[in-house]
Amino acid sequence: MSALLKIDGLTKAYPAVIANNNISFDIQQGEIHALLGENGAGKSTLVKAIYGLVKPDTGIMHLNDAPFAPAEPRVARSAGVAMVFQHFSLFDALSVAENIALGMERPPPQHKIAQQVRVVSNRYGLPLDPDRIVGDLSAGERQRVEIIRCLLQDPKLLIMDEPTSVLTPQEVGILFKTLRKLSQEGTAILYISHKLEEIRELCETATILRGGEVVATCDPRTTSAGEMAEMMVGRVLHVPERAAGDVGPVVLSLKNMSAPAPNAFGTALSDITFDVKAGEILGIGGVAGNGQDELVAALSGEVTVPAGMIQLKHDDIGRLGVNARRKMGLLAAPEERMGHAAAPDMSLTENALMTGLARKRLSHRGFLRWPAARAFAKDVIQAFDVRTPGPANMARSLSGGNLQKFVIGREILQAPDVFVVNQPTWGVDASAAAAIRQALLDLTAKGAAVVCISQDLDELMEISDRFCALNGGQLSEPVAAQGLSVEQIGLMLGGAQQMDDAHV
Amino acid sequence: MDLSAINPILFFASLMVAATPIILAGIGELVVERAGVLNLGVEGMMILGAVCGFIVAVNTGSAWLGFLGAALGGALLALLFGVLTQCLLSNQVATGLALTLFGLGLSALMGQGYIGIKGPVFADWHIPILGDIPVLGPIMFQQDPMVYIALLIVLGTGLFLNRTRAGLILRAVGENHDAAHQLGYKVIRVRLMALAFGGACAGLGGAYLSLVRVPQWTEGMTAGAGWIALAIVVFAGWKPWRLLLGAYLFGGVTVLQLNLQAAGVAIPVEYLSMSPYLATIVVLVIMSAGRAPGSLGRIFHASH
């Protein structure tokens, strides 16, 4: 049997970088094929070429033995290629049915779509109400919208870009069942991820990219995760180590903290209670949109709460703003690095100034001390191995991983007593992620308390001392992280209700 | 002062006339903003429509051709804005403000030979049977055709946005242009078409002033109507039926304050003149519940 999709010598160069260099591989019918690689390895460019969003410079593709060179996504879609994007291509203000109609070539009337959605969603165990507004859905439900949109078009090849990064373990289970069922029905799946264990569980073939080239092809069922990681990175990975430190007194304490939802698509926080002691990391898991951003805002001081709800050491800080809390030793790094943690069009020095002003004494009688600020930015760049020509460069010019190292390093070098961080390694490649986790562990070894909010459960299990889950704006009781099983965590994350009506 | 001088039938009839230019300009801008573009040049497109419409009508002797010319003039000016902001990626706010100043200047230049001339008559349309209904007839069914055309445009826009696929695509482009692009929709093309429609509507609104309401050409005759249309779009939460409500409210208070001035109420004229703007904004702010299109005013650049 000949391959469903043959890629032959595909090359795509951008002004500064060759994103894909002479890439060739085949995808068989009904095969679940993994595409592995670090950030910047060229995975996205490659799938965009297959989906018609990027026109390759050279190279040819064949779909079912016919030449295949889609000029735009419509052409790819009508040829039977569908794609689920990493950052969902959904419209918040529109309903599920409308979103699905937008992704179809010749959509039937809205009420028929609603009916088809119900049929397909039951068939593949992906429950979804077609009349709901997408802005109100959880990340897992949003992904279902994208998947069902693809399935309604009867694809021969389904491309999935990092589909599990926002899902609970149970939701991942449901997704994998769906994908296996599709594969049995003859749909090929190109599965992009850097989560190796998932790929070992799901995929039959893996093509590994590094620096825009195919460096290896392997059978992930028989290759260990470590071997694949080394092929991806090109060297041996460093695993974070935990220095044995003593746990000190409670430094941050929340008592029944509640806060209303900041906007129509936000989550209200209710009755959040926890203590964090000096020298420990409290890991807070949960699927995005369950109150993570709101919790960080309430802790950092972007949103103030009534007196008596947050205590830092001996002081009540609920009514204090961001800078007052900074001065007292509570620093925070929000999730969105570009635009929230850092101003994209300002230099690294200016970005360092903005949070370091008080604790690093970067101003004097209202005037900025530029040399000190530059020195501080240089320190961050050096200590955290930020790859950039210098502190005068714009934050926008840094890659995601480098900017993340910068914004986290900027806070850590201010020697916080309590450090709140949201998604410290989101979208960061494996080696940078390891460095960031190590820095968090080192910080606690020096006696600081860390509150780490993340959707990456492996990360939380690796670094946190205690673990709790945020679900619908409520926090579960923190428990010791050691010895927690995946099932227990899944139940804490509240995926259980969604499991009931999901049967494949 | 003599409030009995205010005739209720005449009041409501002239309310509809006073609201029509705002409805026209507003519904055009509403479509533009639903497509994700913030065009602050409504005032400029209106005044250009007013002068184009007047010139064409005077030279051809047909008010209908005048309206056609006004729509074309407004659409052309809007497309200029479209090319600048969508193709050359200039800042929408600054370009929109420039468009208003440009429109005001250009219209003054074009209209120099037309000051003081009377345009052709645009007759009212006495709808048979309906127009004979007492009270309601004179208010609603004895107006000039543009009043009905404006209402039909609002109705058509509402249906287009909510019931058709093209309307869905337009809303999608305004809501999240990156996602729309990813799905393969032509963001810039959709926006240029929306802009042309918005310009044409603003032009019609301007021509309604110079051909029906006043009816003659004076420099700067739109007197902020474009700005109030812009404000009504926002306060109406980008919903056509609420835009209608806001425009009638504005028209109503405008006519009322004119009547009060004529009746010699002991309130300074300046306060009366500002009352329509204040009343409209206050009411629409209080009942405001709309959410702006997600990509409104953001520059779209198809990066790969």
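How many residues does the contact take from chain A and from chain B? The contact takes 19 residues from chain A and 14 residues from chain B, where two residues are in contact if their C-beta atoms, placed from the backbone, lie within 7 Å.

The model is predicted: local features need pLDDT of at least 70, side-chain atom pairs count only at pLDDT 80 or more, and totals for chains, interfaces and linings use all residues. Residues are numbered from 1 along each chain as its sequence is written, and chains are lettered from A and ligands numbered from 1 in the order in which they are written.

**First stop: the side of chain A that touches chain B**

Please select helix H2 (73-78) and helix H3 (96-102) of chain A, each of which supplies at least two residues of the side that touches chain B. Helices (H or I, at least four residues) and strands (E, at least two) are DSSP runs, numbered from the N terminus. H3(A) gives the most to this side, with three residues. By residue class, the side of chain A that touches chain B comprises 12 nonpolar, two polar and five charged residues. Here Ala, Val, Leu, Ile, Met, Phe, Trp, Tyr, Cys and Pro count as nonpolar, Asp, Glu, Lys and Arg as charged, and the others, Gly among them, as polar.

**Second stop: chain A as a whole**

Of the 504 residues of chain A, 48% count as buried, that is, with 20 or more other C-beta atoms within 10 Å of their own.

In domain 1 of chain A, 16 residues are in contact with 19 residues of domain 2 of chain A. On the domain 1 side, helix H5 (139-151), helix H6 (169-184) and helix H8 (225-233) of chain A are the elements that give two or more residues. H6(A) gives the most to that side, with three residues.

**Last stop: B:Ile129**

Finally, select B:Ile129, in the loop between helix H4 (92-110) and helix H5 (136-140) of chain B. Is B:Ile129 buried or exposed? B:Ile129 is exposed, because 8 other C-beta atoms lie within 10 Å, and a residue with 12 or fewer counts as exposed.
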